[in-house]
Amino acid sequence: MRFSTSLILIKLFVIQYLSVLCVSQDFDFFYFVQQWPGAYCDTKHTCCYPKSGKPSADFGIHGLWPNYKDGSYPSNCDPDSVFDKSEISELMSNLEKNWPSLSCPSSNGFRFWSHEWEKHGTCSESELDQKDYFEAALKLKQKVNLLQILKTAGIVPDDGMYSLESIKEAIKEGAGYTPGIECNKDSAGNSQLYQVYLCVDTSGQDIIECPVLPKGRCASDVQFAKF
């Protein structure tokens, strides 16, 4: 009986230890992902402008995604932590401008933000609550003006073709760190600049060198689509 009780106590201790370990080591870094609306809309898929109107011709936030150094990532970490729009009421106009939804049907953004919080944000709750999570992404976009960085390097959204390396080098020069680049294809099969990944430390504040870069499937020359 005494042995059985001791075994139960040991199991409980192990479970408690592992739960603490999971909370403290639930991810290694963030991907901060921005997407170019011209590439999102210039595909075989349709896009719909938000109810607030056509977004400005600028990179928009896609998400702030916790990741592991081995390339895998956690998702949907806390089903009890649902998106609460009252938590981000102070950020609403900023989110509409910098984190617009282009999916159909047209929306006010809540569906998009809810998805991002519940799939990705809940996996960073050891560092950021809901308001902090969205605020961190907005501050990161303010810190790295991708469109201006590219324009300074002579890379503009004019439907022209640019070498992938020149895009990477321009962003590395402007942001200070090597980006990950993701491309998609337009209806004519051209490889387009679609998303830019930068890595951020677990506080959600500082850009860092990426432990691992996503595979972007880009051609050597990519189109920077008009919007």
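This is a predicted model: local features need pLDDT of at least 70, side-chain atom pairs count only at pLDDT 80 or more; totals for chains, interfaces and linings use all residues.
Because Cys77 belongs to the loop between strand 2 and helix 3, while Cys123 belongs to the loop between helix 4 and helix 5, the bond ties together parts that are 46 residues apart in sequence. With a relative accessible area of 39%, Cys77 is partly exposed, whereas Cys123, at 1% relative accessibility, counts as buried.

A disulfide is likewise formed by Cys183 and Cys218, with a distance of 2.0 Å between the sulfur atoms; the torsion about the S-S bond is about 100 degrees, and the disulfide is therefore right-handed. This pair links distant parts of the chain, 35 residues apart, in that Cys183 is located in strand 4 (residues 180-185) and Cys218 in the loop between strand 6 (207-208) and strand 7 (221-224). Cys183 is buried, with a relative accessible area of 10%, and Cys218 is partly exposed, with a relative accessibility of 24%.

Cys199 is joined to Cys210 by a disulfide with an S to S distance of 2.1 Å, and a torsion of about 105 degrees about the S-S bond makes this disulfide right-handed. Since Cys199 lies in strand 5 (residues 191-200) and Cys210 in the loop between strand 6 and strand 7, the pair ties together parts that are 11 residues apart in sequence. Both Cys199 and Cys210 are buried.

In helix 4, which comprises residues 110-119, the residues Phe112, Trp113, Ser114, Glu116 and Trp117 are buried. The buried residues of this helix pack against strand 2, helix 3 and helix 5 (130-143).

Most residues other than glycine have a negative phi, and most peptide bonds are trans. Asn76, in the loop between strand 2 and helix 3, has a phi near 45 degrees, a positive value in a residue other than glycine. Asp159 likewise has a positive phi, of about 70 degrees, although this residue is not a glycine; Asp159 is situated in the loop between helix 6 (146-152) and strand 3 (160-163) and, at 33% relative accessibility, counts as partly exposed. The peptide bond from Cys104 to Pro105 is cis, with omega near -5 degrees, and Pro105 is placed in the loop between helix 3 and helix 4.

Ser86 lies in the loop between strand 2 (60-67) and helix 3 (92-98), where this residue is partly exposed, with a relative accessible area of 47%. The side chain of Ser86 makes a polar contact, at 2.7 Å, with the side chain of Asp84. Although Ser86 and Lys131 are 45 residues apart in sequence, their C-alpha atoms are 9.3 Å apart in space.

Note on methods: Residues are numbered from 1 along each chain as its sequence is written. Side-chain values use heavy atoms; hydrogens and water are left out. Helices (H or I, at least four residues) and strands (E, at least two) are DSSP runs, numbered from the N terminus. Buried means under 20% relative accessible area, exposed over 50%, partly exposed in between (1.4 Å probe, protein chains only). A polar contact is a pair of N or O atoms within 3.5 Å; within protein, one must be able to donate a hydrogen and the other to accept it, and residues adjacent in sequence count only if both atoms are side-chain atoms. Contact means heavy atoms within 4.5 Å. A disulfide is a pair of cysteine sulfur atoms within 2.5 Å.
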